[in-house]
Amino acid sequence: MPLRTHAPLPSHALGLDADSLRESLLGHVLHTRGKHPGDATSLDVFWSAARAVRDRLFERWTRTMRQYDREQPKRVYWLSMEFLMGRLLEESLLALGVRDAMRDALADVGLELDDVLGEEPDAGLGNGGLGRLSACYLESMATLGIAGMGYGLRYEYGIFQQDLVRGAQLERPDQWLQHGNVWEVARPERLYCVRFGGRVIHYTGPGGRPEYEWVDAREVNAMAYDVPVPGHGNGVVNTLRLWSAKATREFELGRFHQGDYVQAVQEKSESENITRVLYPNDEQLAGKRLRLEQEYFLVSATLQDVVRRHLVAHPDLRNLPDHAVFHLNDTHPALAVPELMRLLLDHHKLRWDEAWSITQRCFAYTNHTILPEALERWPAWLFEQVLPRHLQIVYEINQRFLDDVRRRRPTDDALLRRVSLIEEGDEKKVRMAHLAIVGSSRVNGVSELHSRLLREHVFADFDALMPGKLGNVTNGVTPRRWLLGCNPELAKILHDRIGRGWESDLTHLAALEPLADDPELHRAWREMKRARKLRLAAELRRRWGIVLEPDHLLASHVKRIHEYKRQLLNALHVVSLWQRYREAPPRDLAPRTFLFAGKAAPGYAMAKLVVHLIGRVARTIDEDPAVREHLRVVFVPNYGVSWAELIIPASDVSEQISTAGTEASGTGNMKFALNGALTLGTLDGANVELAEAVGHENFFAFGLDVDEVHRLRERGYDPRSHYLGEPELRSALDAIASGAFSRDDPALFRPIVDSLLDRGDPYLVLADFRSYAACQRSVEAAWHDSASWTRRSILNVARSGRFSSDESIRNYARDIWGVPVR
């Protein structure tokens, strides 16, 4: 029941000074946590500090939402299976401009801000770059005043907590919601019914119109939880809405009274499994089905919510494209295309052509991969079991699309097979990327190289049929989290040297370039790097007992563990260094630490074996007194946003070494460069643009480029020729295969060697090894010239301005969404 009030809400009623924040914090300890301040735990203090900040955000949040309701701007709905938000307290403090005030407020009561910030868990809503990109983009939309809204799933357990036991990855549940989520607001009034299974009845309706009724379906409720997303310094607060699965029936009372307690709650448990974990293991059929149900659950609840919001202000859905754009972040939400068609056809009784025009104009699709296994294809029989009406709609979309192609290319049956939404064969499959392309008005890749490969290879047929539809928006990162927040020492240098303004316009960093040879800046720069290394070392020792030497050259390789990202190439080089150092201990070489971090999917056996190998190599080197003072390997468990915020500012070298033509963009490369690390990388993804921006002389490039990879594969790649012809490589592989790092099980890592020598080395690890090792020697030589290295580091920062997520969002707004930017 709405309150009747004609008075406006108070403007900034809560103060932003230290005294006001302290009063709010202590008030929440007493009134929200129910404790005397003298009895408060560290968790109580975090919750109270977050509530004090949240109160101030809520004032701005409600004003923003009312303004959107009043002005009815075109809204951007960002649909993603992942939102890797990280900790939100510091980000909110920065957005409000009160980090220093909160630091003073806590100091007044004997507490340190960093200790309070450390109490917040990372939200378990994502795993890798896809989710972190979504978080950056939501923050940039709010900062640019775009009426944006994220839609995702509220995973109860996230992906998993990663432990390392004797070097091997073990997974356990990520209980990130164990103490609740201080930032979320439950919206039980936003409850929508999502349906699965059942069957479709087809009959003729009034005027001979074909009618379809989806019946006998299993029903699950989707309940909304909202998280505020503040813009930086502008008073705008947008929304991330997360859906949680709720059973339509809580309890079978009859079964309970009969003593069948398990069955009494089984339906509730099965229904709520949909949002239990991020990315269930889809090696088994049950996991595949659950993954498909998750994807549909997201888009069904989201579209119902948006349609409801639209119809509050408009008489029907015919003008929906003027007020809404749904952005599909990869193929996971592509089911939104047939779902919107279903709503328009079956519920709102529009005719096909009108419904299809609305649908196409509402959707935009970003592709994030060219790897065939990552372009989702669902077995048609499973699709029909879970979503029978949607399969009918997909078939109709496909038939009409192919009819149009046939009219334009009447003799090209091969083209029809290539572009069809349905892959024929022993098992018919629905090609979700094709569905997203056909159902969207605009499609984009995420780096210039990636977008070129999409146009020329992966989706070349679509580009020929739909010229101009496939474009590019290179990824970016928010400087508020990835510099201002995570590297306060560097932020201070920038404020002292070039002033403010770069926080909201990163191109201002160019003002640093004329100072790149200033000795005083060099001194401050080296002190900044050492301070960040000491901070990382302290946290590694406190959390894991890991020793990090702050005087070592620190090269970091932190990302999801996958064969194409080639953590194995890095590990092979480390093994070769270990062998070389054992034979002849280095005298003038720089001591080095190679830091790894990242999670391997639970069902990805080879990736987990690579993690295990790195862990065993690290232990072997650590136990070798002749080598360990010159060489260390560290694997940081349970990598996430908060660890990235510590590792990236401390790193000297950024390892971005994917096989050319496999990484769509990458954003870790941008974060490292923004914090002064020099990149050692292939010319893959956004590395190409990064090298051009910072200068090839400030970028350590190695390996085959995309065209060379293509030519090598065309003429036939023989990995054994590298094994036989490169003694250093052969020695490293033989050590791994013979059990040098697995004395207790000598054959443990043999499958890794077999995958390289006997199964074709699909990601060309051996082909690039010699070039990689030579590039590592160049890095080592460059490190000895401290002044030159520092200058290169400064130039990396000064020339990173083009990689802001603000710039990416401006490009989306102008070229794809058609929305204004403040």
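Me: In which helix does Ala-538 lie?
Reply: This is a predicted model, in which local features need pLDDT of at least 70, side-chain atom pairs count only at pLDDT 80 or more, and totals for chains, interfaces and linings use all residues. Residues are numbered from 1 along each chain as its sequence is written, and side-chain values use heavy atoms, with hydrogens and water left out. Helices here are DSSP runs of H or I with at least four residues, strands are runs of E with at least two, and both are numbered from the N terminus. By that numbering, the run covering residues 519-544 holds Ala-538, and this run is helix H21.

Me: Is Ala-538 buried, partly exposed or exposed?
Reply: Buried means under 20% relative accessible area, exposed means over 50%, and partly exposed lies in between (1.4 Å probe, protein chains only). Ala-538 has a relative accessible area of 46%, so Ala-538 is partly exposed.

Me: How many Å separate the C-alpha atoms of Ala-538 and Ala-40?
Reply: Along the sequence, Ala-538 and Ala-40 are 498 residues apart. In space, their C-alpha to C-alpha separation is 26 Å.

Me: Which residues is Leu-21 in contact with, leaving aside neighbours within four places in sequence?
Reply: Leu-21 lies in helix H1, residues 18-31, and is buried, with a relative accessible area of 0%. Contact means heavy atoms within 4.5 Å. Leaving aside neighbours within four places, Leu-21 is in contact with Leu-16, Ala-52, Arg-56, Val-98, Ala-101, Met-102 and Ala-105.

Me: Which residues touch the most other members of the largest nonpolar core?
Reply: A nonpolar core is a set of buried Ala, Val, Leu, Ile, Met, Phe, Trp, Tyr and Cys residues joined through side-chain atoms within 4.5 Å. The largest such core has 215 residues. Those touching the most other members are Trp-243, Phe-297, Phe-326, Phe-401, Leu-572, Phe-741 and Trp-817.

Me: How many residues are in the second, separate core?
Reply: Among the members of this second core are Leu-484, Leu-494, Ala-516 and Leu-674. Its number of residues is 55.

Me: How many aromatic pairs does a search of the whole structure find?
Reply: Rings of Phe, Tyr and Trp (its six-membered ring) pair if their centres lie within 6.5 Å; planes under 30 degrees apart count as stacked, over 60 as edge-to-face and the rest as tilted. Searching the whole structure on that basis gives 19 aromatic pairs.

Me: How many residues apart in sequence are the parts that the pair of Trp-78 and Tyr-137 ties together?
Reply: The pair is edge-to-face, at 5.5 Å centre to centre with 85° between the planes. Both Trp-78 and Tyr-137 are buried. Trp-78 lies in strand E1 (residues 75-79) and Tyr-137 in helix H6 (residues 129-143), so the parts tied together are 59 residues apart.

Me: Which helix holds Tyr-812, the partner of Tyr-137?
Reply: Tyr-137 and Tyr-812 also form an edge-to-face pair, 5.7 Å centre to centre with 70° between the planes. Tyr-812 is buried, at 0% relative accessibility. The pair ties together parts 675 residues apart in sequence, since Tyr-137 lies in helix H6 and Tyr-812 in helix H33.

Me: What covers the buried residues of helix H30?
Reply: Six of the eight residues of H30 (residues 750-757) are buried, so this helix is largely enclosed by the rest of the structure. The buried residues are Ile-752, Val-753, Asp-754, Ser-755, Leu-756 and Leu-757. Their cover includes helices H22 (567-583), H23 (605-622), H28 (719-725), H29 (727-738) and H31.

Me: On which residue is the kink in H31 centred?
Reply: Helix H31 (residues 765-784) has 20 residues and reaches 28 Å from its first C-alpha to its last, close to the 28 Å expected at 1.5 Å a residue. That expected span is 1.5 Å times one less than the number of residues. A bend at a residue is the angle between axes fitted to the seven residues ending there and the seven starting there. In H31 there is a kink of about 30°, centred on Ser-771.

Me: What is the phi of Arg-166 near?
Reply: Most residues other than glycine have a negative phi. Arg-166, in the loop between strand E3 (161-165) and strand E4 (168-172), has a positive value. The phi of Arg-166 is near 50°.
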